[in-house]
Amino acid sequence: MEQIKVFLDESEMPRQWYNILADLPTPMRPPLHPATGEPVKPEDLAPVFPMNLIEQEMSTDRWIEIPEPVLEKYAIWRPTPLYRARNLEKALGTPAKIFYKNEGVSPPGSHKPNTAVAQAYYNKIFGIKRLATETGAGQWGSALSMACQMFGLECRVYMVKVSYNQKPYRRLMMQTWGAECIPSPSNRTEAGRKILAQDPDSPGSLGIAISEAIEDAVGDPEARYSLGSVLNHVLLHQTIIGLEAQKQMEKLGLYPDVVLGCAGGGSNFAGLCLPFVRDKIHGKDVTVVAAEPTSCPTLTRGPFRYDFGDTAMTTPLLPMHTLGHDFVPAPIHAGGLRYHGMAPIVSHLLEERLIEARAFDQIETFTAGVQWARAEGFIPAPETTHAIAAVVQEALRAKEEGKEKVILFNWSGHGYVDLASYDAFLSGKLTRYELPDEEIQRALASTEAFPKP
């Protein structure tokens with residue numbers, strides 16, 4: 001039999017995270033304090049994050065040691081297997097070799113615990129008792145709920161209301177792990193009450209849920225806020241995916257021509273891709289692609305600007321591709337990709353043309369997801385189907401060109417608690433949706449007065 005899976009022994013698990021800030025050809029623009037316009041200082045972030053994570057956020061060290069207690073928790077599901085999608089290759093009739101890193105084998109079923117476990121650990125040793133966070137589709141909320149249980153922390157999750165209603169099993173996962181899950185916008189916070197006063201039927205957004213979670217955390221000296229994407233330290237923790245994948249590809253004697261991931265805030269895309277971007281910076285010929293939804297086209301249609309990370313404007317001003325902090329996306333089923341901004345690191349890489357971005361409609365992505373499931377068996381999360389749509393595009397291009405490309409992507413999570421989304425697709429209830437230009441311009445109007453990168 002030809003080899004389908006590549007495993008690493010636990011002794012081969014990376015012992016350090018990779019920090020791309022050490023290798024960038026040009027430095028990133030700093031986050032700014034909204035009141036002063038000056039670069040943010042560590043003490044400015046202290047009410048929101050523990051200082052040990054703030055230090056990681058601002059670090060330019062190339063390698064950050066992974067603490068032993070974190071490695072012990074990682075070992076429950078890591079190293080994750082690398083698979084070859086031979087059946088999809090045959091179905092597409094492509095000469096391309098398609099490989100995927102299966103992050104769906106974690107207890108919550110996605111890549112999110114890679115940073116959730118790390119953040120829970122650092123908060124615990126800093127003396128924090130409770131974490132507050134937001135979640136879109138629920139993958140991040142469930143991951144942090146599990147991680148908090150592992151380290152003896154309380155957890156409160158503000159879940160975007162449309163996803164709270166669409167995905168009850170994600171909420172039940174959080175509750176099973178001991179967390180409190182609240183639909184956002186809620187009456188628990190001033191930010192939530194303000195939104196509900198304007199729109200009692202608001203479907204919510206990640207920007208709104210972030211505002212609620214930050215307000216919740218800052219109001220309690222024993223609590224801190226935890227974010228599942230966007231920030232530097234989050235992307236740092238996820239790089240264990242790409243570092244493992246590099247070892248696994250090396251065992252096969254192969255190197256990818258194309259590396260892909262879906263992108264909402266940037267964490268799973270960056271987790272696989274940043275170690276390969278480092279290779280590209282140092283001369284490797286590799287194409288790196290971020291796949292996003294046409295309904296929330298942050299990278300493909302959002303300009304690079306300073307903007308707030310949340311709706312209530314409580315975060316620093318971040319240099320990122322954005323659709324505007326008060327943008328409320330259409331209630332597509334890929335809830336983890338409904339965020340108005342993109343990670344500053346990912347945004348910077350796009351500006352430097354080290355990566356490229358493509359947008360896919362939800363009909364196209366679910367078509368690719370069903371095709372994947374019927375070829376490979378595993379049912380992907382709606383977010384992951386965006387990466388699969390990009391993989392199919394690349395594989396068919398290789399077929400047209402007659403080239404034996406090696407394609408690697410991050411299978412960021414399974415879709416077994418997202419089957420209502422597949423029901424909507426298979427029963428013909430989903431429609432094509434592309435964000436109108438006037439909606440983008442309306443949402444961006446709120447950023448006009450901010451400093452320019």
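Modeller: Before we start, a word on annotations: UniProt positions are given in the numbering used here, and annotations may be inferred rather than shown by experiment. Keep in mind too that this is a predicted model.

Colleague: Thanks! Which residue does UniProt list for "modified residue: N6-(pyridoxal phosphate)lysine"?

Modeller: The unreviewed entry lists K112. You will find K112 in the loop between β5 (97–102) and α5 (113–126).

Colleague: Is K112 buried or exposed?

Modeller: Buried means under 20% relative accessible area. K112 has 12% relative accessibility, so K112 counts as buried.

Colleague: And what does K112 touch?

Modeller: Leaving out residues up to four places away in sequence, K112 touches Q139, W140, A143, G228, S229, Q238 and S267. Look at S267: its side chain makes a polar contact with the side chain of K112 at 3.4 Å. S267 sits in helix α13 (residues 267–281) and is buried, with a relative accessible area of 3%.

Colleague: Now the domains. How is the chain divided?

Modeller: Domain 1 covers 5–9 + 77–109 + 239–443, and domain 2 covers 19–65 + 111–232. Between them, about 4,300 Å² is buried, with carbon and sulfur atoms giving 65% of that area. P108, H348 and V417 supply 14% of the area domain 1 buries against domain 2, more than any other three residues.

Colleague: How many salt bridges are there between domain 1 and domain 2?

Modeller: The count is three. There are also 22 residue pairs in polar contact across this interface. On the side of domain 1 that touches domain 2, α13 gives the largest share, six residues.

Notes: Residues are numbered from 1 along each chain as its sequence is written. This is a predicted model: local features need pLDDT of at least 70, side-chain atom pairs count only at pLDDT 80 or more; totals for chains, interfaces and linings use all residues. Side-chain values use heavy atoms; hydrogens and water are left out. Helices (H or I, at least four residues) and strands (E, at least two) are DSSP runs, numbered from the N terminus. Buried means under 20% relative accessible area, exposed over 50%, partly exposed in between (1.4 Å probe, protein chains only). Contact means heavy atoms within 4.5 Å. A polar contact is a pair of N or O atoms within 3.5 Å; within protein, one must be able to donate a hydrogen and the other to accept it, and residues adjacent in sequence count only if both atoms are side-chain atoms. Domain bounds come from an automatic or database domain assignment. Buried area is the accessible area (1.4 Å probe) that two parts lose on being put together, summed over both. A salt bridge is a side-chain nitrogen of Lys or Arg within 4 Å of a carboxyl oxygen of Asp or Glu.
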